[in-house]
Amino acid sequence: MAGLLALSRAVDRLNEFIGKSVSWLILLAILVSAVNAVIRKVFDISSNAWLELQWYLFGAAFMLAAAYTLKQNEHIRIDIVYGLFSRRVQHWIDLLGHLLFLMPFVTLMVFYFVPYVRLSFHSGEMSNNSGGLIVWPAKAILLVGFFLLALQGISEIIKKIAIIRGEMDDPNPFISVHEQAELEAKALADEVRS
């Protein structure tokens, strides 16, 4: 299990680095949008390439940060139901969810995106919009995003098994929305008193 946990830590570090790095793509997309708007209004010049670049940047940030979001345990779940169970049952729910839903989905997406990206790259596929960008980089980002999500899924499965077996502490203890609100209210009340 020690070797698997080392692999899990390496995947976690990789996705944390990528997830934090791609957050800058949002700022870049905003800057491209602002410059595009100014040029369009001031000089009456426009290009579909600028709009598509914004989409590519935002899509890249979203897809490449998905694995980091999973690592941080920030994906959406139904806390009302999830919070009713003990933490051990929650770990089993997470493990089964990763094995039965996440991994088949991301494996299928990677499997289908490989020829999809290859065909787009070899054909030199261009946007259907006049003055648009080449398409294969956007498709490649989808492939890389799902591949990173698959790696993180494997990492999460390894960690869940280790937690269930008592071989590691829970890195993301679950706090229900109600408990989180109570903790925030208590902290605010303590702050006001002092």
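Here are some questions and answers about this predicted model.

Q: How many salt bridges does the count come to?
A: The rule asks for a side-chain nitrogen of Lys or Arg within 4 Å of a carboxyl oxygen of Asp or Glu. Going by that rule, the salt bridges come to 10.

Q: What is the N to O distance in the salt bridge of Lys 159 and Asp 12?
A: This pair ties together distant parts of the chain, with Lys 159 in helix 6 (residues 136–164) and Asp 12 in helix 1, 147 residues apart. Their side chains still meet in a salt bridge, and the N to O distance is 2.9 Å.

Q: What about Asp 12, buried or exposed?
A: Asp 12 is the salt-bridge partner of Lys 159. The relative accessible area of Asp 12 is 10%, and with the limit for this class at under 20%, Asp 12 counts as buried.

Q: How many residues apart are Glu 16 and Lys 20 in helix 1?
A: Glu 16 forms a salt bridge with Lys 20, and their closest N and O atoms are 2.9 Å apart. Both residues lie in helix 1, with a spacing of about one turn of the helix, or 4 residues.

Q: How are helix 1 and helix 3 oriented to each other?
A: Helix 1 (residues 2–21) packs with helix 3 (residues 48–71) at an angle of about 125 degrees, and their axes are 8 Å apart. The crossing is left-handed. Roughly perpendicular stops at 115 degrees and roughly antiparallel needs over 145, so helix 1 and helix 3 are oblique.

Q: And how are helix 2 and helix 3 oriented to each other?
A: Helix 2 (residues 24–43) and helix 3 have axes 8 Å apart and pack at an angle of about 165 degrees. Helix 2 passes helix 3 in a left-handed crossing. The cut-off is over 145 degrees, so this pair is roughly antiparallel.

Q: What is the separation of the C-alpha atoms of Leu 64 and Val 22?
A: Leu 64 has its place in helix 3 and is buried, with a relative accessible area of 14%. Along the chain, Leu 64 and Val 22 are 42 residues apart, yet their C-alpha atoms are separated by 6.9 Å.

Q: Which residue has a positive phi although it is not a glycine?
A: Look in the loop between helix 2 and helix 3, where Asp 44 lies. At 70% relative accessibility, Asp 44 counts as exposed. The phi is about 55 degrees, and the residue is Asp 44.

Q: Which elements give two or more residues to the nonpolar patch?
A: The surface patch is formed by Ile 80, Val 81, Leu 84, Phe 85, Val 89 and Ile 93, which together have about 570 Å² of accessible area. The elements with two or more residues in the patch are helix 4 (79–82) and helix 5 (87–123).

Q: Is Ile 80 buried or exposed?
A: Ile 80 is one of the patch residues and is found in helix 4. The relative accessibility is 70%, where the cut-off is over 50%, so Ile 80 counts as exposed.

Q: How far apart are the C-alpha atoms of Ile 93 and Lys 160?
A: Ile 93, in helix 5, counts as partly exposed at 34% relative accessibility. Ile 93 and Lys 160 are 67 residues apart along the chain, and their C-alpha atoms are separated by 9.9 Å.

Notes
Residues numbered from 1 in each chain as written. Predicted model: local features only at pLDDT ≥ 70, side-chain atom pairs only at ≥ 80, totals over all residues. Heavy atoms only, no water. Patch = residues over 30% accessible without salt bridge, like charges linked within 9 Å, V, L, I, M, F, W, Y side chains within 5 Å. Areas by Shrake-Rupley, 256 points an atom, 1.4 Å probe, with all protein chains shown as cover. Buried < 20%, exposed > 50% of the residue type's maximum accessible area, 1.4 Å probe, protein only. Axes fitted to C-alpha atoms, helices over the stretch in contact; angles between N-to-C directions. Parallel < 35°, antiparallel > 145°, perpendicular 65-115°, else oblique. Left-handed = near helix turned anticlockwise from the far one by under 90°.
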